[in-house]
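Please read them with the coordinates open.

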Amino acid sequence: MFDLILRNANLPDGREGLDIAIRDGRIAAVERGIAAQAGAVIDASGRLVSPPFCDPHFHMDATLSLGLPRMNVSGTLLEGIALWGELRPLLTREALVERALRYCDLAVSQGLLFIRSHVDTSDPRLVTAEALLEVREKVAPYIDLQLVAFPQDGYYRAAEGVAALTRALDMGIEIVGGIPHFERTMEDGRRSVEALCRLAAERGLRVDMHCDESDDPLSRHIETLAAETIRFGLKGRVAGSHLTSMHSMDNYYVSKLIPLMAEAEVDVIANPLINIMLQGRHDTYPKRRGLTRVRELMAAGLNVCFGQDCTMDPWYSMGSADMLEVAHMGIHVGQLGGIEDKKRVYEAVTVNSARAMGLEGYGLEVGCKADLVVLQAADVIEAVRLKPTRLLVLKGGKVVSETPARVSTLTLEGRPASIDMGLDYRPRAGVEG
Ligand SMILES: [Zn+2]
């Protein structure tokens, strides 16, 4: 006897028509035609059933603040930073919590149940940290929220940067952040990477730095981050976020750098939406894309993840908590249009990010948590193409969000009465006619 059986599900690994049985909030069986009884049965009807999306890089203290205190007129990174500087002194705990909770509602509806958010620790009042710690607790029944102490204005550059970041960790923020390329000098950047890795090692914490988010080919803090990861015994617990300067680096240097990153087992977190929007701004034409070397990093065996970074905040006026939008952009910017490429990109917003976040019980194997998403698409290739409706989102075997399928009714003579975009347009390779 099971609590729930999801019948006729297609899985991200390509297996089709399987039943997923759930008992006590965990996956109890994944087989064809499970005969046992269940408290409830849901027919997935040949649609994709996936573990939830994971966003390994987000800024929940800024999200949904678009328009406060004014709009970013130029749409540039620099005006965004200036705008955030104007907004920061006005932030209240209540307003931060309210915006973050509203964002999490949207995330759940998009099947996004695992989020790592950076929390700006530059204002020593740390109202951002207080608010996000409250949010982490409030959303725990439906979203696993990880928090990174992030010195937006520079660990050494901000007046009380060192003390404020330490205090944020003391308050309960569990990951050490950094922004070495934004320190006053290369040398300060290098020192910040060393100091922050030491801090993480002393406290047994993970590290996730904004690293080399620029088009400067000589911004090489990722090299230091990899070396310090090895030196402090932090292998498998360190992520380099953005790494956009790698796009512009000399190829010979990169041929030495990528093996070092692989040796250090550094997780790579690219943010395709934000990278394509904000990089290359000093270029006339041709304009660089700015995305890190996704294909080469994947080929070298590194764990490459895609994050969203922003939704409707001073830096980015777009976004919709949709990790398939992120995947879709990543495919274009990284020219990852091959069949195997698309599968790897789907992994970048699911299993790879789960691995970088150290999630326990994530996946579709027996024994994993019954956190599942039913999509209005037949497989992962179609999912990254369509960004389809998340029909059902389950947390611990319970439905937490439901969205009607998008089906269009047509009144065209001699043509079908309706189309289901999620199933009717799947490629029919080799069966034409
Ligand atoms: Zn960021």
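The points below cover pockets, cavities, aromatic pairs, charges over rings and salt bridges.

1. Basis. This is a predicted model, in which local features need pLDDT of at least 70, side-chain atom pairs count only at pLDDT 80 or more, and totals for chains, interfaces and linings use all residues. Residues are numbered from 1 along each chain as its sequence is written, and side-chain values use heavy atoms, with hydrogens and water left out.

2. Largest pocket. Its volume is about 750 Å³. A pocket here is an open set of points on a 1 Å grid over the protein atoms alone, with protein on both sides within 12 Å along at least five of seven lines; lining residues have an atom within 4 Å of a point. Points are joined across faces, edges and corners, and a volume is the space filled by probe spheres set on them. The lining of the largest pocket counts 34 residues, and Leu 77, His 181, Phe 182, Glu 213 and Ser 214 lie nearest its centre. Helix 1 (77–87) and helix 9 (272–278) are the elements that give two or more residues to this lining. Helix 1 has the largest share, 3 residues. Helices (H or I, at least four residues) and strands (E, at least two) are DSSP runs, numbered from the N terminus.

3. The lining of the largest pocket splits into 12 nonpolar, 13 polar and 9 charged residues. Ala, Val, Leu, Ile, Met, Phe, Trp, Tyr, Cys and Pro count as nonpolar; Asp, Glu, Lys and Arg as charged; the others, Gly among them, as polar.

4. Second largest pocket. This one has about 480 Å³. Of its 22 lining residues, Leu 11, Pro 12, Asp 13, Gly 14 and Val 380 lie nearest the centre. Helix 12 and helix 14 are the elements giving two or more residues to the lining. Helix 12 gives the most, with 4 residues. By class, the lining has 9 nonpolar, 4 polar and 9 charged residues.

5. Cavities. There are 2 cavities of 30 Å³ or more; a cavity is a set of grid points where a 1.4 Å probe fits but cannot get out. Arg 88, Asp 120, Asp 123 and Arg 125 are among the residues that line it. Its lining has 3 nonpolar, 1 polar and 4 charged residues.

6. Aromatic pairs. How many does the whole structure hold? The search finds 5. Rings of Phe, Tyr and Trp (its six-membered ring) pair if their centres lie within 6.5 Å; planes under 30 degrees apart count as stacked, over 60 as edge-to-face and the rest as tilted. Phe 53 and Tyr 346 are edge-to-face, at 5.9 Å centre to centre and 70° between the planes. Phe 53 is in strand 5 (residues 53–58) and Tyr 346 in helix 12 (residues 339–348), 293 residues apart. Both Phe 53 and Tyr 346 are buried, meaning under 20% relative accessible area, with exposed over 50% and partly exposed in between (1.4 Å probe, protein chains only).

7. Charges over rings. The charged end of Arg 191 sits over the ring of Tyr 156, 4.4 Å from its centre. Lys 287 lies over the face of Tyr 285, at 4.9 Å from the ring centre. The test asks for NZ of Lys or CZ of Arg within 6 Å of the ring centre and within 35 degrees of the ring normal.

8. Salt bridges. The model has 33, each a side-chain nitrogen of Lys or Arg within 4 Å of a carboxyl oxygen of Asp or Glu. Arg 93 pairs with Glu 134, with the closest N and O atoms 2.7 Å apart. This pair links helix 2 to helix 3 (residues 127–139), 41 residues apart. Arg 93 is partly exposed at 32% relative accessibility, and Glu 134 is partly exposed at 22%.

9. Within helix 14. Glu 382 and Arg 385 form a salt bridge at 3.0 Å between the closest N and O atoms. Both lie in helix 14 (residues 380–386), 3 residues apart, about one turn of the helix. Glu 382 counts as buried because its relative accessibility is 2%. Arg 385 is partly exposed, at 42%.

10. Network. Glu 187, Arg 190, Glu 194, Arg 198, Glu 228 and Arg 231 are linked in a network of salt bridges.
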